[in-house]
Amino acid sequence: MVEAIVKSKNGIHARPASMIADISSKYQGEINLYKGDKKYNGKSIMSIMSMGLQEAEQVKIEAIGDQSEQMELKIKEIIDHIID
Amino acid sequence: MFGLFKKKSEDFLPVLKGKVVSIEEVPDVVFSQKMLGDGFAIEPENGIVVAPVDGVIAQIFPTNHAFGIVTDSGLEILVHIGIDTVDLKGQGFERFVEVDQKVKAGTPIIKFDLAFVRANAKSVMTPVVVTNKEKVKSMHVNYGVNPEIAATVEINN
């Protein structure tokens with residue numbers, strides 16, 4: 001489990017959500033995102049968008065499977081850095 | 001048991017008055033290259049956006065420029081009003097419903113100021129896409145001006 005902070009001033013809207021789901025879908029294990037205690041499916045564009053993440057909000061990222069830490073960091077990278 | 005009554009296909013209303021065009025014509029690669037999923041787009045003539053199908057509103061962006069709707073049959077559909085409209089910060093958009101509300105196809109979801117969005121965003125072209133690709137067995141789109149049904153999706157169960 002790693003934590004990320006939403007960088008984008010527009011929050012996690014359609015484009016960043018599709019980037020996260022695209023990377024997550026290539027992972028053989030499970031990807032979960034957490035906003036507070038609520039769990040969302042990192043492979044589903046709609047699930048990610050339904051988080052309604054806004055700028056500066058905190059997200060927890062959990063990969064379950066092989067090389068889970070690298071996967072968590074890849075997703076953190078998107079959330080921490082994408083500015084669009 | 002309820003699975004027996006699940007629909008095998010869904011008809012999509014065009015969501016707006018106007019012309020149904022190919023998703024590949026949308027001036028944003030996230031849509032035209034189907035990164036968000038397959039679908040169609042509308043060149044709008046008015047600014048009343050309705051639900052394409054019966055379903056539950058999964059998300060409406062705080063800026064009211066896009067919403068997600070999920071059908072009983074499991075399709076997850078994104079309706080995105082215009083291109084780069086997230087940058088308008090909600091100006092010119094107004095919602096009629098809230099998240100988790102159950103709606104019928106044709107229910108007005110969002111109203112937007114077509115002239116304002118046309119003048120201030122990259123495009124008013126409005127894509128409608130199924131974001132869970134694995135559920136789509138096939139999609140047939142009826143291109144042209146104001147078709148009764150914009151698209152029919154056969155569902156993978």
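This is a predicted model: local features need pLDDT of at least 70, side-chain atom pairs count only at pLDDT 80 or more; totals for chains, interfaces and linings use all residues.

User: How do you know how confident the predictor is in chain B and in the complex?

Analyst: Chain B averages a pLDDT of 95, and 97% of its residues score at least 70. pLDDT runs from 0 to 100. For the complex, the predictor gives an ipTM of 0.87 and a pTM of 0.93.

User: What makes chain A agree with a compact globule?

Analyst: A compact globule of 84 residues would have a radius of gyration near 12 Å, and chain A has 11 Å, so the two agree. The C-alpha trace of chain A spans about 35 × 20 × 20 Å along its principal axes. Of the 84 residues, 44% count as buried. Among contacts in chain A between residues at least 6 apart in sequence, 69% join residues at least 24 apart.

User: Which pattern does chain A follow along the sequence, and what does the UniProt record list for it?

Analyst: Chain A has three helices and four strands, in the pattern β-α-β-β-α-β-α. UniProt, in an unreviewed entry, lists "domain: HPr" for residues 1-84 of chain A. That span is 37% helix and 25% strand, and its end C-alpha atoms lie 25 Å apart.

User: How do you know that β2 and β3 of chain A pair?

Analyst: The cut-off is at least two bridges between the strands. Strand β2 (residues 30-35) and strand β3 (residues 38-41) of chain A have four bridges, in the antiparallel sense. As an example, A:L33 has A:Y40 in β3(A) as its bridge partner. Two residues lie between the strands of this hairpin, where A:G36 takes a positive phi near 60°.

User: Why is A:Q67 called exposed?

Analyst: A:Q67 has 12 C-beta neighbours inside 10 Å, so A:Q67 counts as exposed. You will find A:Q67 in the loop between β4 (58-64) and α3 (68-81) of chain A. Its phi is near 45°, a positive value in a residue other than glycine.

User: What makes B:I60 buried?

Analyst: The threshold for buried is 20 or more. B:I60 has 25 C-beta neighbours inside 10 Å, so B:I60 counts as buried. B:I60 lies in strand β5 of chain B. Leaving aside neighbours within four places in sequence, B:I60 is in contact with B:F67, B:R95 and B:V99.

User: Why are β9 and β13 of chain B said to stand at the edges of their sheet?

Analyst: The sheet is open, with eight strands in the order β9-β5-β6-β7-β11-β3-β2-β13 (chain B) and antiparallel pairing. β9 (102-103) and β13 (144-145) of chain B each have a single partner strand, so one side of each is left without a neighbour in the sheet. Elsewhere in this sheet, β7(B) and strand β11 (residues 126-130) of chain B pair over three bridges in the antiparallel sense. There, B:V79 has B:V128 in β11(B) as its bridge partner.

User: How many residues does each chain bring to the contact, and which strands of chain B take part?

Analyst: The contact takes 16 residues from chain B and 12 residues from chain A. β5 (55-60), β6 (66-70) and β7 (76-80) of chain B each supply at least two residues of the side that touches chain A. The residues on that side of chain B divide into 10 nonpolar, five polar and one charged.

User: And what does UniProt annotate on chain B?

Analyst: An unreviewed UniProt entry gives "domain: PTS EIIA type-1" for residues 28-132 of chain B. In the model, that span is 10% helix and 38% strand, with its end C-alpha atoms 19 Å apart.

Technical notes:
Residues are numbered from 1 along each chain as its sequence is written. Chains are lettered from A and ligands numbered from 1 in the order in which they are written. Two residues are in contact if their C-beta atoms, placed from the backbone, lie within 7 Å. Ala, Val, Leu, Ile, Met, Phe, Trp, Tyr, Cys and Pro count as nonpolar, Asp, Glu, Lys and Arg as charged, and the others, Gly among them, as polar. The radius of gyration is taken over C-alpha atoms; the globule rule is 2.2 Å times the number of residues to the power 0.38. UniProt positions are given in the numbering used here, feature names are shortened, and annotations may be inferred rather than shown by experiment.
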